[in-house]
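Please walk me through this structure.

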Amino acid sequence: MTKKLLFLSYCMVTTCLFSFQTLKAQLSAGFTAKECITEVYRQGFDSTDELTAWTLTPGNISSKTWKLANPRSYAIPDFSTINAGSKYSLAIEYDTKPNQNEKMISPSFSIGDHYACSFYACFDGVYVLFANFTVDVEIISSGEKTRLLDAHAWSDTTGHERPKWLKFDMDLAGYAGKEVRFIFTYSGINGDDVLVDDFCITQKSAGENAQATIAEGASVHFEDLSTGEPTEWLWEFEEGTPSTSTLQHPVVQYNKAGLYKVKLTAKKGGESSSITKSNFVHVQGVAPVAVLSLPEEGYLSPYAGIFIPRDQLVTFKDASKNVPTSWKWELPGANAEISQEQHPKVKYANNGTYNLKLTVSNNQGSDVVDYENIIQVGGDQEIWNIGMDETKDIGSISLSWYGYYGGSNFLGMTAYGEYFKKPLVPGSISEVSVYFDQVNTVSPDSLVFVTIAGKNAEGLPGDILATSEAIMVKDLKYNPATLLPTSFKFASPVNITDEFFVIVNGIPNCEDEDTYETDEVVIAAVKRSELQKSTCYVYMEEYDEDYMPTGLFKWYEQNEEYTSFAIAPRFTYKDTYTELPEVQKRSTDAICPTLVNDQLSFYEPEKIQSVAIYSLNGKQVYRSESGQSINTSSFSEGFYIIRATGEDKVSVQKIKIAR
C-alpha cells in the first residue's frame, strides 16, 4: 500500500507540474497604455484655498518656512514654463543661522490598486548637503514611514548639481488598501531654496473597460501586457500614425477626433494570440491655439520681433497647437499679403515695419494671433538671440560663491562671447549694446570694451575684426526697473559677411581689502531650462587633470546649459534705400521713465503728446494721449517698449516690470 500511495502521489505531483508549466507557457495577448490613467488628486500650490487641507509644521526657530511663491533666482524659471496654468509653487527660502526643520503635510488618502504619485521639485544638488529636502509617505494607522525621496542621496547618485525642475514618479503599489499621508520636509542650515509643484496621485487602469483619452494631435504610449513570453508583436491602429507597428511598446499619434480600435497579435514560434479592443483610443476634439514661429532666416531684436533684409525669401512657420486644418496669414507689405499655406514663403520689396496676423481653424473652433510692427525690413536695428517670450527671464546667472557666468567670477573666465549666424545679405555693425544686470564695483576705473571676431575652423571665436572704444566700469549703465543699454561704438562700421562673435572684455574681478566687497559686474542673460539653442562662449583658463590652472587660456562653448547673453549689435543691411518710419527711429533723448510702486512716470510729461506701450511681441498693451503717469499693476512681469511722441520727435525706451 505504501509503494502504491507513493506512486499515486508521484503521478499527481507530476501532472500538476506539467499543468503548471503548460499554463505558464500559454500565450495570451494583452495591452494597455500610459494614457489609461485616472487622476485621483492634484495639488498645484497656486492658492491658499487649495492648501486648507494641508498642515504646516514649522520648526518654531526660523522665520523662513514653506509658503506659496515663485523662484527668487533668474536662473530658475517659474513653473509656468512647464505647466502654463501655474501661478505659484510650494517654496521655502534657506536660512543662514537658525536650524530649519519645516514640514508640509498632505491630507490623508485611501490608496487603491495601481496607484502612483508624482511631483516636480527644484533644488540645488550641492547645498542639500547642508539642508536636505525629503519626501516621506506615512501609514496613518501604524505611523510607519517610508522615504520616497532623499534629495541629497539622489543628487549624490545621479550627479545632479545646479537647481532645475525635476519630475519624480513613485509607485504606491505597496500601500494598496491603506490610508496614508505625504510629508515634505526641509531640514538643515545654510542650504538653498527648494520648490515643489504639481503633486499628483493617479490610478492606472488595465481592465477590460480601460480607455486612453488624448487630445487631437497627441500620442498614445502603448504597453504590451502579453503573457507567455512572446517574441513578436503586430499592432494595428485604426486612424493612427503609424497604422501598424512591430515594436513591443509603440507610440502612436492620432490627429482626428473619434473612438478607435486597436488590435494586437502576439507571437512565439508557431503560436499566436490576438486581442482587439474597440473604442480603446478616445481622441477628443479641441479648438486650435494659434502659435507662429518667426522666420529663422532673420535676426531677433529687442525692438522688433524679427529683422530681415528686403527682396529675400523668408519662411513663416505655423506652430499652432491642437491640429488646425486651415490657415489664413495676413502679411501686409509682402509679395503675398494673404496666404492659405501652413508655412508661407514670402519676401518684402520695401524697407519698413509691418504687422502680422495668423488665424487658424478646425471643426472645433478658431484662434488668432495679431502683432503690430513685429517685422522690420531693411534699415538698421539692434539684434540678439533672445526670443520674445524669453524677455521675462533675463537676469544674472549665479555660479554660487564662484561669482557669475557672464560677469565677475573666481573661475578664471576673462571674456564672454555671443555667437551670431551669417546674415542673409552682407551688412555692417556700428555699435554694440550690452545690457548689464549688475554693475556693483570696487574697480570703478577698470576698462570694459567689445571686439567683433570671425569664426575659426573649430567653430570658436577667431580673428578680431574690430575693437570698440573702452568704457570705465563706473560709466556702465544699469537700472533695476529699466533695461538700459551701454553702447560700445566703433571708429568705423565693421563689415559683416559671415558668422561672427561679439566679445565683451575687461569685466573686473577684484576684492576690496578693507571692506571685503567684490566686483559684481554681470551681463544680463537668459538661461533656458530645456534643450534649446545656446549661443554663449567663454574665454577661460585651462585646468590640468588635477584641477590646477595651467596658465593657458582658450575659448569654450557653453554646451551643457542653454544660454544667450543680452548682447545686441546694431546691424545695418546693405542696400537700404528708404528711410524707416519715424516711429522706428530712436531719439537720443531718453524719456527717462521711473517706476515706483507700479506707477510709471515721465520726465517733462507736459512735452509728451501720446504714449504707447508694447510687449516685445509687438502687442499694444496701453495707449494714452498725454504724458500722465500710468498704473502698471495689471501688466505681467517682463520687458516692454515705451514710445513717447512729442512735438518734433519720437523717443523709444525699454522698461522692465518685476515684482
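Pro242 sits in the loop that joins β17 (240-241) to β18 (244-245). Strands here are DSSP runs of E with at least two residues, helices are runs of H or I with at least four, and both are numbered from the N terminus. The peptide bond leading from Thr241 into Pro242 is cis, and its omega is near 5 degrees.

The model is predicted: local features need pLDDT of at least 70, side-chain atom pairs count only at pLDDT 80 or more, and totals for chains, interfaces and linings use all residues. Residues are numbered from 1 along each chain as its sequence is written, and side-chain values use heavy atoms, without hydrogens and water.

Two other loops hold a residue with positive phi. His114 lies between β7 (109-110) and β8 (115-123). Its phi is near 60 degrees, though His114 is not a glycine. His114 has a relative accessible area of 56%, so it is exposed. Exposed means over 50%, buried under 20%, and partly exposed in between, with a 1.4 Å probe and protein chains only. Asn190 belongs to the loop between β12 (179-188) and β13 (194-204). Asn190 is no glycine either, yet its phi is positive, about 60 degrees. Asn190 is partly exposed because its relative accessibility is 38%.

Phe410 itself lies in the loop between β34 (404-405) and β35 (413-420). Its relative accessibility is 46%, so Phe410 counts as partly exposed.
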